[in-house]
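These are my notebook entries on a single structure, set down in the order in which I looked things up.

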Amino acid sequence: MAANRCYCPVSHVIFDCDGTLMDTEGLYLNVVGDTLAPYGITYTPEDQARYMGRPSNLLAESLVRDYNLPISTEDYIEAFNQKDHQYMTNVSLLPGVKDLILHLHSFRIPMAIATSSSKEIMDVKFETHKDIKMAFHHIVCGNDPDMCPGRGKPAPDIYLLAASRFSPPPDPRHCLVFEDSPTGLKAGRAAGMQVVFIPENATTRAMGEDPTMVLGSMSEFEPELFGLPAYDSMSYFQFG
């Protein structure tokens, strides 16, 4: 479903990863839930909607504070990372993702990923999707050395950094973002970019502010609405 606005042509595309490219949000509900369970805390989908999209260090700080956990942020992160690696092997791509990525790549549309996940866990997630990973010009992670501490989503920094690493760097207004979290949506809009919002559920959708477009899945996306090649266009290149 499109928001009531016009769409401007874009030249570059930047994707969030979790819940946008990969079917991991349900897994992260389990990861955080398992990490909090020893302290008698039940982590609900409503809780996840409130915290999703934050870098792991900021998420840890928030959870330790908000739930008054009797551990340090560092201890929480250690326990979280152990669960994270257990759950994030063999993750699936979401509907429409592979078709869109390979379609845009066949037309040499520059693409990147801007994710709050660490580089280490991103390597785990892409272990079974190396063909898709090859299609991206670069990936900016939450622990990137050029990311300022405390400036993860909803701050625009990670999307602006992702745009700056294209060669040549585009005007942020010419970048299209795909996001599933309200926090990431805010980050993309704050960066001056159009954002296609693909929320996982009605709770997340209700929290999303000022999306350019709202879709039920990536498979509903029509590239030509943003000046990108339509699916029935003939590519001059083949993915190899």
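I began with Asp210, which lies in the loop between helix 10 (202-207) and strand 6 (213-214) of this predicted model. Its phi is positive, about 60°, although Asp210 is not a glycine.

I then turned to Asn90, which is not a glycine either and has a positive phi of about 60°. Asn90 is placed in the loop between helix 4 and helix 5. With a relative accessibility of 59%, Asn90 counts as exposed.

Gly96 sits in the loop between helix 4 (73-87) and helix 5 (97-106). Is Gly96 buried or exposed? I found a relative accessible area of 17%, so Gly96 is buried, the limit being under 20%. Apart from neighbours within four places in sequence, its contacts are Met218 and Ser219. I also checked the separation of Gly96 from Thr35: 61 residues in sequence, and 32 Å in space from C-alpha to C-alpha.

Next I examined helix 4 itself. Its 15 residues should span 21 Å at 1.5 Å a residue, and I found the end C-alpha atoms 21 Å apart, which agrees. I listed its buried residues as Thr73, Tyr76, Phe80 and Asp84. Viewed down the helix axis, these buried residues fall within an arc of 70°, so they line one face of helix 4. An α-helix has 3.6 residues a turn, so residues three or four places apart point the same way. The face turned away from the buried side carries the exposed residues Glu74 and Gln86. Among the elements that cover the buried residues of helix 4 I noted helix 1, helix 3 and helix 6.

The largest cavity holds about 30 Å³. Which residues line the largest cavity? I recorded Ser56, Leu59, Ala60, Tyr76, Ile77, Phe80 and Asn81. Helix 4 gives the most to this lining, with four residues. By type, the lining of the largest cavity divides into five nonpolar, two polar and no charged residues.

For open space, I recorded a volume of about 470 Å³ for the largest pocket. Its lining has 30 residues, and Tyr28, Arg54, Ser56, Phe80 and Ser117 lie nearest its centre. At least two lining residues come from each of helix 1 (25-36), helix 2, helix 3 (56-66), helix 4 and helix 6 (119-125). The largest share, five residues, is from helix 4. I sorted the lining of the largest pocket into eleven nonpolar, eleven polar and eight charged residues.

Gln48 was my next entry; this residue is in helix 2 (residues 45-51). Gln48 counts as buried because its relative accessibility is 7%. Leaving out residues up to four places away in sequence, Gln48 touches Glu25, Tyr28, Leu29, Tyr43 and Glu200.

Finally, I looked up two cis peptide bonds. The bond from Lys153 to Pro154 is cis, with omega near 20°, and Pro154 is in the loop between strand 3 (138-140) and helix 8 (157-164). Ser167 and Pro168 are also joined by a cis bond, with omega about 0°. Pro168 belongs to the loop between helix 8 and strand 4 (175-179).

Key. Residues are numbered from 1 along each chain as its sequence is written. This is a predicted model: local features need pLDDT of at least 70, side-chain atom pairs count only at pLDDT 80 or more; totals for chains, interfaces and linings use all residues. Side-chain values use heavy atoms; hydrogens and water are left out. Buried means under 20% relative accessible area, exposed over 50%, partly exposed in between (1.4 Å probe, protein chains only). Contact means heavy atoms within 4.5 Å. On a 1 Å grid over the protein atoms alone, a cavity is a set of points where a 1.4 Å probe fits but cannot get out, and a pocket is an open set with protein on both sides within 12 Å along at least five of seven lines; lining residues have an atom within 4 Å of a point. Grid points are joined across faces, edges and corners, and a volume is the space filled by probe spheres set on the points. Ala, Val, Leu, Ile, Met, Phe, Trp, Tyr, Cys and Pro count as nonpolar, Asp, Glu, Lys and Arg as charged, and the others, Gly among them, as polar. The expected span of a helix is 1.5 Å times one less than its number of residues. The arc is that of the directions from the helix axis to the C-beta atoms.
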